[in-house]
Amino acid sequence: MPRLLVVHHSPTENVARLANAVLAGAHDDALDGVDVVERPALTATVDDVLEADGYLLGTTANFGYISGALKHFFDTVYDAVREPTAQRPFSYWIHGGYDTTGAERAMESITTGLQWRLAAEPLVFTGAVTEQHLERAYELGGTLGAVLLS
């Protein structure tokens, strides 16, 4: 059974709503046969990454960068997973208060180094979390699940 690992840092109620929508989409009934594993960024391990077939990453944009928690995740796993996980599918979501540019660059740079394959358009936005954002987050979770089933 393919495994989707969802690693996120969701420190606020609004960002937690996004994570919950992504997880709901990944658990959609049409995706029977995908094992979805959720880990907070500060507790995700090398084994979590190695045991997964695809990844969804979520973060806030903080001071022009990804959250410290997601950066810690990458710092912790990077060397051990870089070669064995090359070309695995992934996507991500980033929510910022006013700017996501640096966080987007960091996500692209890190995942390029990991040689992961972007499999769905990321959800990146600033401002209030709307129903449209939650719908898009649900679709993001479902899309990555479907990619793993194909």
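The model is predicted, and the values given below are computed from its atoms. The largest nonpolar core has 26 residues, a second, separate core has 22 residues, and the structure also holds 4 aromatic pairs.

**Strands E1 and E2**

- Strands E1 and E2 pair with each other in the parallel sense, and the pairing runs over 6 bridges.
- One of the residues to look for in this pairing is leucine 4, whose bridge partner in E2 is valine 36.
- On the way from E1 to E2 the chain passes through H1, and the β-α-β crossover made in this way is right-handed.

**The nonpolar cores**

- As general background, nonpolar side chains in soluble globular proteins tend to be buried together.
- Among the 26 residues of the largest nonpolar core, those that touch the most other members are Val7, Val49, Leu57, Ile66, Leu70, Phe73 and Phe74.
- Two or more residues of this core come from each of strand E1 (3-8), strand E3, helix H3 (68-81), strand E5 (89-96) and helix H4 (101-114).
- Which element gives the most to this core? It is H3, which contributes 6 residues.
- Leaving out residues up to four places away in sequence, phenylalanine 74 touches Leu57, Ile66, Met107, Ile110 and Leu114.
- The second core is separate and consists of 22 residues, including Leu4, Ala21, Leu31 and Leu140.

**Aromatic rings**

- In general, a pair of aromatic rings is described by the distance of the centres and the angle of the planes.
- There are 4 aromatic pairs in the structure, and one of them joins phenylalanine 73 and phenylalanine 74, whose ring centres are 5.3 Å apart and whose planes stand at 50°, so this pair is tilted.
- Both phenylalanine 73 and phenylalanine 74 are buried.
- Why does the pair of phenylalanine 90 and tyrosine 92 count as stacked? The planes of these two rings are at 15°, with the centres 6.2 Å apart, and planes under 30 degrees apart count as stacked.
- Phenylalanine 90 is buried, because its relative accessible area is 4% and the limit for being buried is under 20%.
- Tyrosine 92 likewise counts as buried, at 4% relative accessibility.
- Phe90 and Tyr92 belong, together with Tyr55 and Trp116, to one aromatic cluster.

**Threonine 59 in strand E3**

- Threonine 59 is part of strand E3, which covers residues 54-62.
- Is threonine 59 buried or exposed? Its relative accessible area is 0%, so threonine 59 is buried.
- A polar atom of the threonine 59 side chain lies 2.9 Å from the backbone nitrogen of serine 67.
- When its neighbours within four places in sequence are set aside, threonine 59 is in contact with His9, Ile66, Ser67, Leu70, Trp93, Ile94, His95 and Met107.
- Threonine 59 and isoleucine 110 are 51 residues apart along the chain, and their C-alpha atoms are separated by 14 Å.

- Glycine 33 sits in the loop that lies between helix H1 (13-26) and strand E2 (35-40), and at 21% relative accessibility glycine 33 counts as partly exposed.
- Although glycine 33 and proline 2 are 31 residues apart along the chain, their C-alpha atoms are separated by 7.2 Å.
- The residues that glycine 33 touches, not counting those up to four places away in sequence, are Met1, Pro2 and Leu149.
- Glutamine 87, found in the loop between H3 and E5, has a phi near 75°, which is a positive value in a residue other than glycine.
- With a relative accessibility of 49%, glutamine 87 counts as partly exposed.
- Glutamine 115 is located in the loop between H4 and strand E6 (117-118), and its phi is positive, at about 65°, although glutamine 115 is not a glycine.
- At 35% relative accessibility, glutamine 115 counts as partly exposed.

Conventions. Residues numbered from 1 in each chain as written. Predicted model: local features only at pLDDT ≥ 70, side-chain atom pairs only at ≥ 80, totals over all residues. Heavy atoms only, no water. Phe/Tyr/Trp six-rings, centres within 6.5 Å; stacked < 30°, edge-to-face > 60°. Buried < 20%, exposed > 50% of the residue type's maximum accessible area, 1.4 Å probe, protein only. Helix = DSSP H or I, 4+ residues; strand = E, 2+ residues; numbered from the N terminus. Polar contact = N/O pair within 3.5 Å; in protein donor to acceptor, adjacent residues only side chain to side chain. Contact = heavy atoms within 4.5 Å. Core = buried A, V, L, I, M, F, W, Y, C linked by side-chain atoms within 4.5 Å. Pairing = 2+ DSSP bridges. Right-handed = clockwise from strand over helix to strand, strands pointing away.
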